Amino acid sequence: MPWPTADEAVFDLIRQEVHRQNTTIQLIASENFASPAVMAATGSVFTNKYSEGYPGRRYYGGNMVADEVEDLARRRACELFGADHANVQPHAGAIANMGAYQALLEAGDTVLGMSLDHGGHLTHGSPVNFSGLQYRFVSYGVTASDERIDMDQLRDLALAERPKLIVAGATAYPRLIHPEPLREIADESGALLMFDAAHIAGLIAGGVHPNPTEYADVVTFTTHKTLRGPRGGAIICRSDHGPAVDKAMFPGIQGGPLDHAVAAKAVAFAEAATDEFADYAARIVENSRALAAALAGHGFRLVSGGTDNHLMLVDLRTFDADLTGKEAQATLDAAGISLNKNTVPDDPRSPFVTSGVRIGTPAVTTQGMDADDMATIADLISRALRNRSDDAAIAAVRADAEELCAAKPPYPGLDAEDQPASGGSSRPANAGRGNP
């Protein structure tokens, strides 16, 4: 069935994006390829419904079915992570964090969060973000020696500042974050503990990262990164925080939920509860370690010396002291490889330039790529950056990247002339390539 043609300008751009995703290598750590079932739910008639409120307590009529799908999503989220309560309405991870803060804090309260230039997120206290504007954030970071979270510093700050809340989690941190010692510090300092699992929710669901649900008062996460669901967020928490979380989300922050996204979240939670997904999560980590090792072999320095999760933070200065993250990102885009510039700890360059890049393996793992492919990708990255002023060399890398993707395309049944699948497989058609 052909694409709709009533708005050729938009659908031509969609065709272009289909081509880009099928023919270039996606290494952005916060991206993935959602299954056809997730995409079908996202594009379903639930997009037509208005459902302000919660199941059984709506402000509009006609929510009988919407109530069922939200209840299903909430149950599946609780079962997946072992939580007492779930709110699946946040439109994004940042909104989930906002909801958690509003539920737990008063304006001006002191909060400990990870420093942005050491791997934290904007919502962990950036002075230009709502978090830093509404609350008094104090930052902790990583050690200079091993570039892992400085637990001694975190404890000292917690005892000195007596924060209302400690925020764990990161957006550019390549190691495991163990929740139990964080809980101990929170208890010792009289703080609540929130764990932002936006990046690692899928790894937690798949059993390859410690589950913080038992230890944290509140856990927030996004559904579209390692969890491989639709774009959106969610909050899970202890039962005593449930009413405050729900009130914070509605009417505190949002109006009606995106019912089509809620339906797609329910699909994603079910997919993430399978043995197949657990195998997928393990392969994400295996590929991440393989790619990190291969990049180190090409002269790149890995922050903290490697990775335990889905991403690596690469310091470019040992590879080429003059190469910035900004230039590396632009060069690799031209070469058919997508990643993002990123600061490294104590980076002398600005966040708009950076000395590093962040690289992740969730999307390429969904395609069915393996350790041998990671070695190939590392070689392509090295070739492109060493020859970044040579247009012919960049074109050759792009051709090789396209050849690699052609062997394992994310959506082999979806080309520029066809519209997205309306159901069937619960994952991208190539996600099982090489799987048991």
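**Nonpolar cores and aromatic pairs**

In this predicted model, the largest nonpolar core comprises 63 residues, and Phe81, Ile166, Phe195 and Phe221 are those with the most contacts inside it. A nonpolar core is a set of buried Ala, Val, Leu, Ile, Met, Phe, Trp, Tyr and Cys residues joined through side-chain atoms within 4.5 Å. Residues count as buried under 20% relative accessible area, as exposed over 50%, and as partly exposed in between (1.4 Å probe, protein chains only). A second, separate core has 34 residues, among them Ile25, Leu302, Leu323 and Ala335. In soluble globular proteins, nonpolar side chains tend to be buried together. When residues up to four places away in sequence are not counted, phenylalanine 81 touches Ala201, Ile204, Ala205, Asn211, Thr213, Phe221, Leu227 and Ile236, contact meaning heavy atoms within 4.5 Å.

Residues are numbered from 1 along each chain as its sequence is written. Local features need pLDDT of at least 70 and side-chain atom pairs count only at pLDDT 80 or more, whereas totals for chains, interfaces and linings use all residues; side-chain values use heavy atoms, with hydrogens and water left out.

The structure contains ten aromatic pairs. Rings of Phe, Tyr and Trp (its six-membered ring) pair if their centres lie within 6.5 Å; planes under 30 degrees apart count as stacked, over 60 as edge-to-face and the rest as tilted. Phenylalanine 33 and tyrosine 411 form an edge-to-face pair, because their ring centres are 5.7 Å apart and their planes stand at 85°. This pair links distant parts of the chain, 378 residues apart: phenylalanine 33 lies in the loop between strand E1 (25-26) and helix H2 (36-42), and tyrosine 411 in the segment after helix H15 (391-407). Helices (H or I, at least four residues) and strands (E, at least two) are DSSP runs, numbered from the N terminus. Phenylalanine 33 is buried, at 3% relative accessible area, and tyrosine 411 is also buried, at 10%.

Tyrosine 50 and tyrosine 60 form a tilted pair, with 5.1 Å from centre to centre and 45° between the planes. Tyrosine 50 is in the loop between H2 and strand E2 (53-54), while tyrosine 60 is in the loop between strand E3 (57-58) and helix H3 (64-81). Tyrosine 50 is partly exposed, with a relative accessible area of 45%, and tyrosine 60 is partly exposed at 40%. Elsewhere, ring pairs link Tyr101, Phe130, Tyr135 and Phe137 into a cluster.
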